[in-house]
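Here's a quick briefing to read with the structure open next to you.

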Amino acid sequence: MQVCATKSEFRRFLDDTRAAGRTVGLVPTMGALHAGHRSLMEAASAECDVVALTIFVNPLQFAPTEDLSKYPRPIERDLELAEAAGVGVVFTPTVEEMYPVPTATTVHLDGLTAPMEGAARPTHFDGVTTVVTKLFNIAGPCRAYFGEKDFQQLAVVRRMAADLDQPVEVVPSPIIREADGLAMSSRNIYLSIEDRAAALVLYRSLLAASELISAGERRASVVAAQLAADIASEPRAALEYAEVVDPLTLEPLDLLDVGTDVRLIVAARFATTRLLDNLGVRAS
Ligand code: AMP
């Protein structure tokens, strides 16, 4: 496994890979790798000749009040996990390498970035779309793997790649959960034992909402209200949002006609830790 600290090394490695007729699967991450990230690397490895992992904690997507400085950075462990998952090349730039001068250029998407995470974190998606565009430009033509865990981010990146004709096929990958249902996240380590137990309310409420739809509830507002009430019933959870949306446009749905694909999306804070979760359902 090759480890590249500079853009030029990483670019050259992937240019040489494609020149040799081999395809590239890109997996952008912020490190602190877990089985969710591993599933992206494994999907990339199954579908592409060379897996390119990027590990970069992007300051642009953190607000000044957020956890940038305490975000976990276990780089040695990450490299071991990457190698075991069959990664061919890892890009581990410093902030100075990625942004040698403060960027004067920002990639901004309208619409999809407005609700949910965009409303809660107003500068977040500009940071994501700007860094992902830079990573796509450095990596070159590839398939890029993004987790459904960050469902809005996936929709935003997919739309950005289409709008800007980026030579990248964005590939979604399902959420990987702990055995008890908690969606894996690098931020789960911040949770106290009590909050870790309380956080199970997220997946439980998503499953209950999905059952409500399966039992014939057609009013999205009723489903959203039940989701919100279930989460609010956990005293340790501070609900941020509970939405019933179209999986592509992220627009709130009204009536859930039979056959409609629906995404249930929730966010809540447990002490200072924000957790996200979501679930796909087809109204039947
Ligand atoms: P992060 O390092 O948190 O920025 O995540 C990097 C990529 O891994 C993103 O595409 C995430 O959506 C994805 N990811 C994070 N957690 C999970 C999970 N539990 N299951 C699937 N994908 C995940």
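Let's start with a helix pair: α6 passes α7 in a right-handed crossing. Keep in mind that this is a predicted model.

**α6 against α7**
- Two packed helices are described by the angle between their axes and the distance between the axes.
- For α6 and helix α7 (residues 151-163), the angle is about 50° and the axes are 11 Å apart.
- On the α6 side, the contacts come from Phe125, Val128, Thr129, Val132, Thr133 and Phe136. Their partners in α7 are Gln152, Gln153, Val156, Val157, Met160 and Ala161.

- In soluble globular proteins, nonpolar side chains tend to be buried together.
- Here the largest nonpolar core has 42 residues, and Phe10, Leu26, Met98, Val132, Phe136 and Phe146 have the most contacts inside it.
- Helix α6 (residues 124-139) gives the largest share of this core, eight residues.
- Both domain 1 (2-173) and domain 2 (186-282) give residues to this core, so it lies between them.
- Another core, of 28 residues, lies apart from that one; Leu191, Leu200, Ala237 and Ala268 are among its members.
- What does Phe10 touch, leaving out residues up to four places away in sequence? The list is Cys4, Leu26, Ala52, Thr54, Val89, Phe91, Ile138 and Ala139.

**α9 against α10**
- Helix α9 (residues 200-214) and helix α10 (residues 220-232) have axes that come within 9 Å and cross at roughly 155°. The two helices are therefore roughly antiparallel to each other.
- This crossing, with α9 passing α10, is right-handed.
- From α9, the residues that meet α10 are Val201, Leu202, Ser205, Leu206, Ala208, Ala209, Leu212 and Ile213. Val222, Val223, Gln226, Leu227, Asp230 and Ile231 meet them from α10.

**Two positive phi angles**
- Most residues other than glycine have a negative phi.
- Met116 isn't a glycine, yet its phi is positive, near 45°. You'll find Met116 in the loop between α4 (95-98) and α5 (117-120).
- Ala271 also has a positive phi, of about 50°, although it is not a glycine. Ala271 lies in the loop between β8 (261-270) and β9 (273-282).
- Which of these is buried and which is exposed? Met116 is buried, with a relative accessible area of 5%, whereas Ala271 counts as exposed at 54% relative accessibility.

How values were computed. Residues numbered from 1 in each chain as written. Predicted model: local features only at pLDDT ≥ 70, side-chain atom pairs only at ≥ 80, totals over all residues. Heavy atoms only, no water. Core = buried A, V, L, I, M, F, W, Y, C linked by side-chain atoms within 4.5 Å. Buried < 20%, exposed > 50% of the residue type's maximum accessible area, 1.4 Å probe, protein only. Helix = DSSP H or I, 4+ residues; strand = E, 2+ residues; numbered from the N terminus. Domains from an automatic or database assignment. Contact = heavy atoms within 4.5 Å. Axes fitted to C-alpha atoms, helices over the stretch in contact; angles between N-to-C directions. Parallel < 35°, antiparallel > 145°, perpendicular 65-115°, else oblique. Left-handed = near helix turned anticlockwise from the far one by under 90°.
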